[in-house]
Amino acid sequence: MSRLSALPRPRESVFASGIDPYRGDANAVCPPNLRECVLAMEDCCEEAHEAQQLLRNGTFDLPRMSKVLENQRVFLLIDEVTVRRYKADLADEIEPQINELIDRAEKGLNVLTRREGLIQSKVEVAQAMQSKVATAPTANKREERRLQMLAKQRQRLEDEVKVLESEILALQHKKPKRT
């Protein structure tokens, strides 16, 4: 039920005659949806009132906020020569740092490439040893254990190679081009 429907009804008339009904159409019947229309209208009025209240609460401080948020714009006009000079100064200031970062990235990439080569050679040696061991009959449990350890080592090394290859690819994609 809406807020307006809950309000008390107006009091009865103080005049003795009371309400003088319209007698022109004594058999008139109100449409069945009239009560629903009245309730819907009251709901609309309530929503409008709430929206107005919300708007009022949101804008009552507008003059003060406008003054606080008012900003000044100051434009300084300079010629193109000055812009070029500042641009060159900035480039001179930043360029050594950028070159140092590029050199460090290249050194890191070289180190990773060397590590990849070492790990790759270890993998190849382990594969060769495994093929030799696989062809020779295992004489005892000690050799079998050694074979298992070498197989595990080989798997770890292959995993490291994959990780290093992905790091190298990532570094190569991030490497900026020198101009």
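A residue counts as partly exposed when its relative accessible area lies between the buried range, under 20%, and the exposed range, over 50%. Keep that in mind as you explore this predicted model.

**The whole chain**

Start with everything selected. The protein has 179 residues, of which buried ones make up 10%. Colour by secondary structure and you will find 4 helices and 0 strands, running α-α-α-α from the N terminus. Now colour by confidence: the average pLDDT is 80, and 75% of the residues score at least 70. Among the elements, H3 has the highest mean pLDDT, 89, while helix H2 (residues 62-69) has the lowest, 80.

**Stop one: Asp 61 and Arg 64**

The structure holds 3 salt bridges, and each gets a visit. Select Asp 61 and Arg 64 to see a salt bridge in which the closest N and O atoms are 2.8 Å apart. Is Arg 64 buried, partly exposed or exposed? Its relative accessibility is 48%, so Arg 64 counts as partly exposed. Asp 61, at 24%, is partly exposed too.

Next, pick Leu 76, which sits in the loop between H2 and H3. Leu 76 counts as exposed because its relative accessibility is 74%.

**Stop three: along helix H3**

Select Glu 80 and Arg 84, whose side chains meet in a salt bridge at 2.5 Å, N to O. How many residues apart are Glu 80 and Arg 84 in helix H3? They are 4 residues apart, so about one helical turn separates them. Both ends are exposed: Glu 80 has a relative accessible area of 53%, and Arg 84 has 54%.

Now select Asp 89, Asp 92, Glu 93 and Glu 95, which form a negative surface patch. Glu 95 lies in helix H3, which covers residues 80-135. With a relative accessible area of 43%, Glu 95 is partly exposed.

**Stop four: helix H4**

Finish with Arg 154 and Glu 158, where the side chains meet in a salt bridge of 3.2 Å, N to O. These two residues are 4 apart in helix H4 (residues 141-174), so about one helical turn lies between them. Arg 154 is partly exposed at 24% relative accessibility, and Glu 158 is partly exposed at 21%.

How values were computed. Residues numbered from 1 in each chain as written. Heavy atoms only, no water. Patch = residues over 30% accessible without salt bridge, like charges linked within 9 Å, V, L, I, M, F, W, Y side chains within 5 Å. Areas by Shrake-Rupley, 256 points an atom, 1.4 Å probe, with all protein chains shown as cover. Salt bridge = Lys/Arg side-chain N within 4 Å of Asp/Glu carboxyl O. Lys, Arg positive; Asp, Glu negative; His and termini not counted. Charge placed at Lys NZ, Arg CZ, Asp CG, Glu CD. Buried < 20%, exposed > 50% of the residue type's maximum accessible area, 1.4 Å probe, protein only. pLDDT = per-residue confidence, 0-100.
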